[in-house]
Amino acid sequence: MPGKDWPLWEIFIRSKQGLDHKHVGSLHAADAQMAIENARDVYTRRMEGVSIWVVESRFVHASNPEEAPSLYDPANDKVYRHPTFYNLPDELKHM
Amino acid sequence: MNINSDITSTDYEAPAYSGEMLAAVVEYILRLADNALILGHRNSEWTGFGPILEQDIALSNIALDLVGQARNYYQYAATLVNRSHESPWQRLATGKNQVSEDVLAYFRDAPDFRNCLLVEQVNGDWAKTIIRQFFFSTYQFALFEKLSFSADKIISAIAEKSLKEVTYHLRWSSEWVIRLGDGTPESQLRIKNAIAELHQFVSELTSPASYELFLAKYNISVDVSKLRNAWQARTDEVFNQATLPPLSLSAKQAFGGKEGKHSDQLQSLLNEMQIMQRTYPGCEW
């Protein structure tokens, strides 16, 4: 029965060659082949993309929001990690 | 040649057919259009009722593809009909003596329709809808592969564009045949019942009408009897993967759709599909 036996999949679509796949949503499917077809039917109706990645949701591991203070706050005051003190010569236009 | 939904622009100059040839080409195009419209309509009846959201959308997409194909063909047919004062379809012309795609779709009755009997069958359960789609898409794929080389540039352009859509329809329906066949005892029973119900309509797909054979000599149409082997091979391959027995055409085969001899099911479908246009001709929204 769908939903019970069909795992949830996270869907990533790349809009054109050279960019990154973006997370667009999730859907249920029995296996990877069906997940790709479902993603094609649900998430590319308006030419949103040319490439689809599907990953079963259980394989996506996420950080715990409660740990955010210890994971991210320390980076806030470490200005020496940013390359802001280099003076670029004017001739370098695309750095 | 890139073809959008409107082919009546001056980019696409229709060949200068006349007389018997014009009449045959119109019949042929109507046949291609009617198949697509009727199956598109049947599939659209699932919208909102699909077993799961993603499949509801998938089948609705397929319905839209088919109606889009029908539009292309009806527009072309309308262009040709409007050129010919002797065309029997001129009887549908409204005040300005022009027929349009809408007129052809909404103001013909069941005996005027040239679709095969398979596409007008009621949806039944998911298995029956899948088998109907699989049988039809296998046929459409084989047909459009060849029709992309038609001597008629507009027919070939529409076929070439449609082939991409049909490639997906065939893939999607094949996958479902395999899942239902090689699935649970219930799914296997349902798909076997669906095959038992629908296989009587299979032979008509590859049985050419007289006008098809006539036009095949000029390489405008495809003699569909030549598609039989490809159709059979594809069906066998998918049934095999689905752990289903090879298709055997044991039931008496049904014919007549291409000549306008339809079941009541088509008239019921048309009653529902055509009611708005017939009640309020020319209505827009």
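**Figure 1. Burial and length of helix H5 of chain B in the predicted model.** Of the 22 residues of H5(B), 19 are buried, so the helix is largely enclosed by the rest of the structure. H5(B) covers residues 126-147 of chain B. At 1.5 Å a residue, these 22 residues should span 32 Å. The end C-alpha atoms of H5(B) are 30 Å apart, which agrees with that expectation.

**Figure 2. Packing of H5(B) on helix H10 of chain B.** H10(B) comprises residues 228-241, and its axis lies 9 Å from that of H5(B). The two helices pack at an angle of about 135 degrees, which makes H5(B) oblique to H10(B). The crossing of H5(B) past H10(B) is right-handed. On the H5(B) side, the residues that meet H10(B) are B:Thr138, B:Tyr139 and B:Ala142. Their counterparts in H10(B) are B:Ala230, B:Trp231, B:Arg234 and B:Thr235. By class, the contact of H5(B) with H10(B) holds 4 nonpolar, 2 polar and 1 charged residues.

**Figure 3. Packing of H5(B) on helix H6 of chain B.** The axes of H5(B) and H6(B) come within 7 Å of each other. They cross at roughly 145 degrees, and H5(B) passes H6(B) in a left-handed crossing. The residues in the contact of H5(B) with H6(B) divide into 15 nonpolar, 10 polar and 1 charged.

**Figure 4. The contact between chain A and chain B.** Chain A contributes 12 residues to this contact and chain B contributes 9 residues. On the side of chain B that touches chain A, helix H2 (53-83) and helix H6 (153-181) each supply at least two residues. H2(B) gives the most to that side, with 4 residues. The residues on the side of chain B that touches chain A comprise 5 nonpolar, 1 polar and 3 charged.

**Figure 5. Helix H1 of chain A against H2(B).** The crossing of H1(A) and H2(B) is left-handed. From H1(A), the residues A:Asn38, A:Asp41 and A:Val42 take part in the contact. They meet B:Glu54, B:Ile57, B:Ala58 and B:Asn61 in H2(B). The contact of H1(A) with H2(B) is made of 3 nonpolar, 2 polar and 2 charged residues.

**Figure 6. Surroundings of B:Ala254.** B:Ala254 is placed in the loop between H10 and helix H11 (264-279) of chain B. B:Ala254 has 16 C-beta neighbours inside 10 Å and therefore counts as partly exposed. Apart from neighbours within four places in sequence, B:Ala254 is in contact with B:Leu117, B:Gln200, B:Phe201 and B:Glu204. B:Glu204 is 50 residues away from B:Ala254 along the chain, with 6.9 Å between their C-alpha atoms.

**Figure 7. B:Glu272 in helix H11 of chain B.** With 10 C-beta neighbours inside 10 Å, B:Glu272 counts as exposed.

**Figure 8. Positive phi at A:Met47.** Most residues other than glycine have a negative phi. A:Met47 is not a glycine, yet its phi is near 55 degrees. A:Met47 sits in the loop between H1 and strand S3 (51-56) of chain A. Because 8 other C-beta atoms lie within 10 Å, A:Met47 is classed as exposed.

**Figure 9. Positive phi at B:Asn219.** B:Asn219, also not a glycine, has a positive phi of about 60 degrees. The loop that holds B:Asn219 runs between helix H9 (210-216) and H10 of chain B. B:Asn219 has 13 other C-beta atoms within 10 Å and is therefore partly exposed.

Note on methods:
Residues are numbered from 1 along each chain as its sequence is written. Chains are lettered from A and ligands numbered from 1 in the order in which they are written. This is a predicted model: local features need pLDDT of at least 70, side-chain atom pairs count only at pLDDT 80 or more; totals for chains, interfaces and linings use all residues. The expected span of a helix is 1.5 Å times one less than its number of residues. A residue is buried if 20 or more other C-beta atoms lie within 10 Å of its own, exposed if 12 or fewer, and partly exposed in between; C-beta atoms are placed from the backbone. Axes are lines fitted to C-alpha atoms, for helices over the stretch in contact, and angles run from 0 to 180 degrees between N-to-C directions. Angles under 35 degrees count as roughly parallel, over 145 as roughly antiparallel, 65 to 115 as roughly perpendicular and the rest as oblique. A crossing is left-handed if the near helix is turned anticlockwise from the far one by less than a right angle, and right-handed if clockwise. Two residues are in contact if their C-beta atoms, placed from the backbone, lie within 7 Å. Ala, Val, Leu, Ile, Met, Phe, Trp, Tyr, Cys and Pro count as nonpolar, Asp, Glu, Lys and Arg as charged, and the others, Gly among them, as polar.
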